[in-house]
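Open the model in your viewer and keep the selection tool handy. We will go from stop to stop, and each stop says what to pick and what is there.

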Amino acid sequence: MIIRKSPSELDKMRASGRLVAEILDVLSGMVEPGVTTLDLEVVAEKMVNDAGAKAAFKGYYVPQAGRRFPCVLCTSVNEEVVHGIPSKKRKLLEGDIVKIDIGVQLNGYFGDSATTVPVGPISPESERLLAVTKKSLELAIEQAKAGNRLFDISGAVQQHVESHGYTIVREFVGHGIGAKLHEEPHVPNYVDPKVKNPRLREGMVLAIEPMVAAGRPETQVLSDRWTAVTKDGSRAAHFEHCVAITENGPWVLTVK
Ligand code: MG
Ligand code: MG
């Protein structure tokens, strides 16, 4: 069942969304060659605590991993697509791209957002991968309106990404969000006839999060049991926003 939120619930989700946006803004500004992914984690954890919020990912359990996620952030570099674990050993290098994903719970409601940040100057190919992925999210958000269907969102991502020669990671998808981090529905970044295609209604909130590979889209999980990388080693980009469907159209909750 897709849970629709009342206006007062949406206000709470806006507060969690604003917090994740503020944190991502600070972290994006920190990214430069020589910074470690653990440096980002330390700042993120302090900001979450200072706001009186709870980190959504730290302690998160999935049976496939068999191990709780150990950190506040997911930091995934280059061919790492999602769920990378911050580490003091992972120093960012000029030309890298780093995906930073954060979820928080504030006043009972979750916010979840991700961005991909260039480390110093990056190659034109990587610039293009980031631009196309970011644009696919913007096009998807435009479709998040009452009366449309879920696949209007999925199809907007797919059409834009594939027409630019990139591929869509299929093992991971967006999701409903609210009093739980992951709610119905699944929000695939491609039209998937195997999942439901519900009508979008006011009060639904979706975490829309295209994950795009420059090469082949298949992923595998590293021996740390969390980090998902492209099998072919090609780079991947990831952008995510939580979007509420309202009578006034899409409302992006995860902005400052
Ligand atoms: Mg996320
Ligand atoms: Mg998410």
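Start by selecting Ala-244 and Trp-251: Ala-244 stands opposite Trp-251 in strand 15. Strand 15 covers residues 249-252 and pairs with strand 14 in the antiparallel sense over 4 bridges. Two strands count as paired here if DSSP finds at least two bridges between them. Helices (H or I, at least four residues) and strands (E, at least two) are DSSP runs, numbered from the N terminus.

Before moving on, a word on the ground rules. This is a predicted model, in which local features need pLDDT of at least 70 and side-chain atom pairs count only at pLDDT 80 or more, while totals for chains, interfaces and linings use all residues. Residues are numbered from 1 along each chain as its sequence is written, chains are lettered from A and ligands numbered from 1 in the order in which they are written, and side-chain values use heavy atoms, with hydrogens and water left out.

Now colour all of strand 14, residues 241-246. A hairpin of 2 residues connects strand 14 to strand 15. Strand 14 also pairs with strand 9 (residues 205-208), again antiparallel over 4 bridges, and there Ala-207 stands opposite Cys-242. Is strand 14 mostly covered or uncovered? Of its 6 residues, 5 are buried, where buried means under 20% relative accessible area, exposed over 50% and partly exposed in between (1.4 Å probe, protein chains only).

**Next stop: the nonpolar core**

Select Ile-153, Leu-206 and Ile-208. In the largest nonpolar core, which has 27 residues, these three touch the most other members. Such a core is a set of buried Ala, Val, Leu, Ile, Met, Phe, Trp, Tyr and Cys residues joined through side-chain atoms within 4.5 Å. Helix 3 (124-142), helix 4 (150-163), strand 9 and strand 14 each supply at least two of the core residues, and helix 3 gives the most, with 6. Show the surroundings of Ile-208: leaving aside neighbours within four places in sequence, its contacts (heavy atoms within 4.5 Å) include Leu-137, Ile-153, Phe-239 and Val-243.

**The two magnesium ions**

Which residues hold the magnesium ion (ligand 1)? Its protein donors come from Asp-101, Asp-112 and Glu-240, lying 2.0 to 2.6 Å from it. Donors are N, O and S atoms within 2.8 Å of the metal (3.2 Å for Na, K and Ca); water is not among the atoms, so sites may look incomplete.

Pick the magnesium ion (ligand 2) next: Asp-112, His-175, Glu-209 and Glu-240 coordinate it at 2.1 to 2.3 Å. The two ions are 3.2 Å apart, and Asp-112 coordinates both. Asp-112 lies in strand 5 and Glu-240 in the loop between strand 13 (236-238) and strand 14, so the pair ties together parts 128 residues apart in sequence.

**Last stop: the rings**

Select Phe-69 and Trp-226, which form an edge-to-face aromatic pair, 5.1 Å centre to centre with 85 degrees between the planes. Rings of Phe, Tyr and Trp (its six-membered ring) pair if their centres lie within 6.5 Å; planes under 30 degrees apart count as stacked, over 60 as edge-to-face and the rest as tilted.
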